[in-house]
Amino acid sequence: MAFTRGQAIAVALVMIGCCTNVVTLEVIIKLDRGAGNLVTCSQFILIAVEGIIVTSRFFTRSSVVPLKYYALMVTMFFSVSVLNNYALSFSIAMPLHMIFRASSLVANLILGILILKKQYPLSKYISVLLITVGISVCTVVSGSAMRSSDGESEFSFSSWLTGIGMLIFALFVSALMGVFQEVLYKEYGKQPREAMLWTHLMPLPGFLLMASNISEHMTIFSQSVPVSLAGFNVPYLWLMLLANVLTQYVCIRGVFYLTTACPSLTVTLIVTLRKFVSLIFSIFFFQNPFTVYHWLGTVCVFGGTMLFSGLIPLPGSKARAKKE
């Protein structure tokens with residue numbers, strides 16, 4: 001697979017930006033497990049400010065898609081972003097968190113059938129079955145480890161189940177948002193930069209509901225170990241948050257460039273590879289527990305994803321296609 005210079009830059013932005021973003025998030029969560037709301041709020045502020053300056057030219061450009069539709073999308077996007085990050089406060093290991101977020105095709109297929117009345121070939125159902133098996137194996141094994149861990153209380157297991165519930169709910173809300181976006185794209189065309197602006201700007205007042213939680217963790221960040229930077233002592237967690245927010249921006253821009261510069265199958269391959277690299281890094285660098293059953297589940301999830309996307313053909317599918 002040969003890449004042009006522009007495509008190579010897009011791939012580099014995704015691989016470096018997104019992988020580094022996951023690493024900085026895990027560093028933060030290791031030191032302050034409840035910092036999810038502060039991280040999410042910071043990411044939204046940066047991307048909203050960039051969108052106001054670059055995309056809307058300080059609101060001098062009118063929106064192509066009516067704002068009432070963005071308001072509905074924002075409700076879903078805000079819920080997904082907050083729940084995904086807040087779930088980390090409920091004893092969810094980072095590798096399991098990544099596996100869940102890599103499994104959105106299950107919810108996409110289910111809602112595609114129920115809402116859009118789509119029909120899918122056999123390979124799609126087999127791939128979704130593989131992904132479901134993979135998630136189930138990883139979840140059951142992680143849950144068993146949580147219950148059997150020395151010193152873990154029943155409350156900790158209940159807390160873990162709450163986190164799993166959040167991830168499942170976020171998975172389906174994210175898929176519902178995808179269905180809604182598909183409908184809007186048909187009506188108004190693709191407006192990714194505009195959507196990125198409004199889905200990050202509109203939810204900002206919602207963080208006022210979490211002001212006490214965000215303020216609490218800002219204090220924790222300020223009390224973290226100082227690091228000398230350009231002659232100034234900067235609290236380590238604030239430095240990690242800055243790195244996280246900047247790499248989140250690079251990641252999002254990288255995916256944007258990738259979708260405009262590469263075919264859809266290439267995008268799927270790169271994004272799937274990025275998620276797998278992030279998972280491997282999390283397991284080995286942060287020494288997260290990962291058994292042979294977790295590996296089995298991981299192979300099912302990523303194998304199912306590649307089968308769904310057509311990157312791995314179903315045996316006999318080419319022969320059937322020729323007959324037809």
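Q: Is Phe207 buried or exposed in this predicted model?
A: Buried means under 20% relative accessible area, exposed over 50%, and partly exposed in between, using a 1.4 Å probe and protein chains only. Phe207 has a relative accessibility of 4%. Phe207 therefore counts as buried.

Q: What pLDDT do local features need here?
A: Residues are numbered from 1 along each chain as its sequence is written, and side-chain values use heavy atoms, leaving out hydrogens and water. This is a predicted model: totals for chains, interfaces and linings use all residues, side-chain atom pairs count only at pLDDT 80 or more, and local features need pLDDT of at least 70.

Q: How many aromatic pairs does the structure hold?
A: Rings of Phe, Tyr and Trp (its six-membered ring) pair if their centres lie within 6.5 Å. Planes under 30 degrees apart count as stacked, over 60 as edge-to-face, and the rest as tilted. The number of aromatic pairs is ten.

Q: Which kind of pair do Phe44 and Phe207 form?
A: Their ring centres lie 5.5 Å apart. Their planes stand at 80°, so the pair is edge-to-face.

Q: How many residues apart are Phe44 and Phe207?
A: Helices (H or I, at least four residues) and strands (E, at least two) are DSSP runs, numbered from the N terminus. Phe44 lies in helix H2 (residues 36-55). Phe207 sits in the loop between helix H8 (192-201) and helix H9 (211-222). The pair links distant parts of the chain, 163 residues apart.

Q: Which residues join Phe44 and Phe207 in a cluster?
A: Ring pairs make the links in this cluster. Phe44 and Phe207 are linked there with Phe77 and Phe78.

Q: Is Phe290 buried or exposed?
A: Phe290 is placed in the loop between H11 and H12. Contact means heavy atoms within 4.5 Å. Not counting residues up to four places away in sequence, Phe290 touches Pro95, Ile99, Leu279, Ile283, Trp295 and Thr298. Its relative accessibility is 15%, so Phe290 counts as buried.

Q: At what angle do helix H3 and H8 pack?
A: Helix H3 covers residues 67-86. Axes are lines fitted to C-alpha atoms, for helices over the stretch in contact, and angles run from 0 to 180 degrees between N-to-C directions. The axes of H3 and H8 are 9 Å apart, and their angle is about 65°.

Q: Which residues of H8 make the contact with H3?
A: H3 contributes Leu67, Tyr70, Met73, Val74 and Phe77. From H8 come Glu194, Ala195, Trp198, Thr199 and His200.
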